[in-house]
Amino acid sequence: MGLIAFYPVYYAVDISLYQTQFLKKTAFVGLAQYTRLLTSPDFLRALGTSLVYALGSLALTLPLGMGFALLLNRPIRFKAAFRTILIIPWTLSQTVVGLLWLWLLNPSYGPIKYVLDEAGFGQFLFLSSPDWALPILVLVNTWMTFPLPMILFQAALQTVPQDLYDSAKIDGCTAWAGFWRITLPFIQNSVMATAIMTTLHFFNMVTLIYVMTGGGPLETTQTLSVRVFLDAFANFKVASAAAVGIVIFLLNIVFSLFYIRVLRRGDLY
Amino acid sequence: MKLIRIAACAVALACMPQLAAAATEIVFWNNFKVDKSPRGQALTDIVAKFEANNPDIKVRVEVAPFATVDANLIQGAAAGNTPDVVKIYNVALSLHVAAGSIQPLDPYLGKMDKTDWLLPWDTTVFDGKKYALPYEYRFFALQYRKDILDKAGVQVPTTWDEVCTAAGKINSPQVMGYGFGLSQAQAASILLEWADDMALAAGGSWLDAKGRAIPNNPAGLKFMQTVADLVGKCKASSQAVVGYTYEAVHQGLAGGTIAMAGMGTHRYEALRAAGAKDNLRWAPPPSFEKGKPAPVHVLGWNLVMGKHTKHPQEAMRFMEYMMSPEVQVAVARAGEMPTRKSTYDDAWFKTPEAGAMRDWAQYIARNGKAGQYPAGWLGFGQILASETQAIVLKGLAPAQALANVVERYNKAQAEGK
């Protein structure tokens, strides 16, 4: 078990300390790869892009997932059908989602362009715009991913005793206060686990971004994980890719520890 | 117990002929799967016929998509485990020679005819050794919507100045006059193919013999200027090209939202089948000089032998069969351009169905050249995409964009791997 879990990490650390030629180590260089990375403007820009992408997606995905989970937790008609429909984006692969939205957003023949034209708006470049490409990716990622927290939160919501809400209602508690004072504290472990899981997922995401923009335009959507992919499989700079991968790994650990500390604090509520 | 022993012996005896005659299995990595599509069906028939004629060899076809075949082959070679025969794109040949993931074919070639090819034999020779057999050819041609050009009253352009004028006349929010792609996605493939041929047409190349980007490159500058002019001066395209990939341009041509585009000839039939039908035509790529045909780099799939194949003789027999005129005609009927001259003597090539392919072969024979692509070519494409995007989005001067490409690429190559 340890071998499966830890050997790839060990291998990545090991190879990042060398220069390589097509997967073969050629010279030991110690921390030179990391030094070069940390002083590289491209790396720092990719780090910033990764943070915006991951945290921006998280900021939209969790509330959206929670909102739909709360709706599905009510006694509404056709709940099963709604849940099925809402899950569909999550069932599609990132490649399919990427190709679908590339078509929808095509500035020449996409349906969204057609609707905007009919509504009298001007020409939109969508993914060809360096200002809009990253926000659009965040929105597409949100659309694809929100069903996951929705399902997890819905399961967690069902563990909250109804008596608490009934008692609170008697005491004049509003729905919003009930959510903050009863619901969230009760399901905080699920929220924490979901936040950790989705942040790691977003930070490591490659396919959706690579399919839709390849990291462009003007490298505005090149995240660290896309950079790892390009370094490893387009440029065959395996050591450099491994070094970036290790940086991602450490950042993921930092995020996880941060969430655990913040969400376990009782005084949050 | 006695009965069990007798039964076991009987089974063993029954299996012995099969064991003795057990076929050698070779693994063939192909870029598409065996299915009911024309080329999928053609491959099924080809493999079945080979196995029938060579009962001692069984071919297991595995799908190795274009996007992953190179990385997978290199990783396999590093692990000491490669397939026997692989189909790889010619642009990646240098990469695999450098990575040591394929092996020279010379020890196994026997008396293969070295003259019966559209391009010279040594186009796939590296360091004096033959590494690949060209399986299929294509080149970057001008493909256009005749219906749109006729409606606009423009002639098919033959030079880049004429493209500028014609496409500028057609370009509108609904129809792009000349479509091209600058996206980094899909390995910037449409940009790389276009830039490669443009440099050749301008009389130069992007990289020198050592694989370094050439500073102050007149051919490169002509390409950068063309990009700037198409979007700027000519208004033949829009900034949307920044996000376009091969697929986006393909769909635009098929759907009639792009009037003209440079595309590989392998897309011609697919475009016609996708909706363009007889409205889609092809023309030689525009040149920089009126009346002078533009040279083209011939691209295409090649058959190579994996570095660690355990069955080189059997692998070569399969490769030779795949190069036979009979198979090449089958490949042609499925829409891929054969590489052997003698294939074009087949009666099928006299039919109207083969008209375009016949003309392409003639164009290649007269104007085709083999390109040399170093291991860093894909990385070059990413940098070129970024700087050409800056020309379109930020108005970066073409000369500065070229200088940036040269600096960034040469620096990336010099940095530690």
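This is a predicted model: local features need pLDDT of at least 70, side-chain atom pairs count only at pLDDT 80 or more; totals for chains, interfaces and linings use all residues.

Colleague: Where is the place of F78(A)?

Modeller: The backbone of F78(A) has a phi near 55°, a positive value in a residue other than glycine. Helices (H or I, at least four residues) and strands (E, at least two) are DSSP runs, numbered from the N terminus. By that numbering, F78(A) sits in the loop between α3 (41-72) and α4 (79-91) of chain A.

Colleague: Which residue does a cis peptide bond join to G216(A)?

Modeller: The omega of this bond is about -5°.

Colleague: How many strands does the secondary structure of chain A have?

Modeller: Chain A has 14 helices. Strands pair if DSSP finds at least two bridges between them; β1 (residues 18-21) and β2 (residues 24-28) of chain A run antiparallel and are joined by four bridges. In their hairpin, two residues lie between the strands, and F22(A) takes a positive phi near 50°. The count of strands in chain A is two.

Colleague: How many residues of chain B are in contact with chain A?

Modeller: Two residues are in contact if their C-beta atoms, placed from the backbone, lie within 7 Å. Chain A brings 36 residues to these contacts, and the number from chain B is 32.

Colleague: By class, how many residues of the side of chain A that touches chain B are nonpolar?

Modeller: On that side, β1, α2 (32-38), α12 (207-212), α13 (224-233) and α14 (238-264) of chain A each supply at least two residues. Ala, Val, Leu, Ile, Met, Phe, Trp, Tyr, Cys and Pro count as nonpolar, Asp, Glu, Lys and Arg as charged, and the others, Gly among them, as polar. There are 14 polar and three charged residues, and the nonpolar ones number 19.

Colleague: What ipTM does the predictor give the complex?

Modeller: Chain B averages a pLDDT, the predictor's confidence in each residue from 0 to 100, of 92, and 95% of its residues score at least 70. For the complex, the pTM is 0.88 and the ipTM is 0.85.

Colleague: What separates the centres of domain 1 and domain 2 of chain B, taken over C-alpha atoms?

Modeller: The bounds, which come from an automatic or database domain assignment, are 23-137 + 299-369 for domain 1 and 140-297 + 376-414 for domain 2. Here 11 residues of domain 1 are in contact with 15 residues of domain 2. Taken over C-alpha atoms, the centres of the two domains of chain B are separated by 28 Å.

Colleague: Which strands stand at the edges, each with a single partner strand?

Modeller: The open sheet of four strands in chain B has mixed pairing and the order β9-β10-β8-β11. A strand with a single partner has one side left without a neighbour in the sheet, so the edges are β9 (176-179) and β11 (280-283) of chain B.

Colleague: At about what angle to β10(B) does helix α9 of chain B run?

Modeller: Axes are lines fitted to C-alpha atoms, for helices over the stretch in contact, and angles run from 0 to 180 degrees between N-to-C directions. Helix α9 (residues 246-255) lies across β8, β9, β10 (258-264) and β11 of chain B. The angle to β10(B) is about 135°.

Colleague: Does K277(B) count as buried or exposed?

Modeller: K277(B) has a positive phi of about 50° although it is not a glycine, and its place is the loop between α10 (268-276) and β11 of chain B. Because K277(B) has 11 C-beta neighbours inside 10 Å, it counts as exposed.

Technical notes: Residues are numbered from 1 along each chain as its sequence is written. Chains are lettered from A and ligands numbered from 1 in the order in which they are written. A residue is buried if 20 or more other C-beta atoms lie within 10 Å of its own, exposed if 12 or fewer, and partly exposed in between; C-beta atoms are placed from the backbone.
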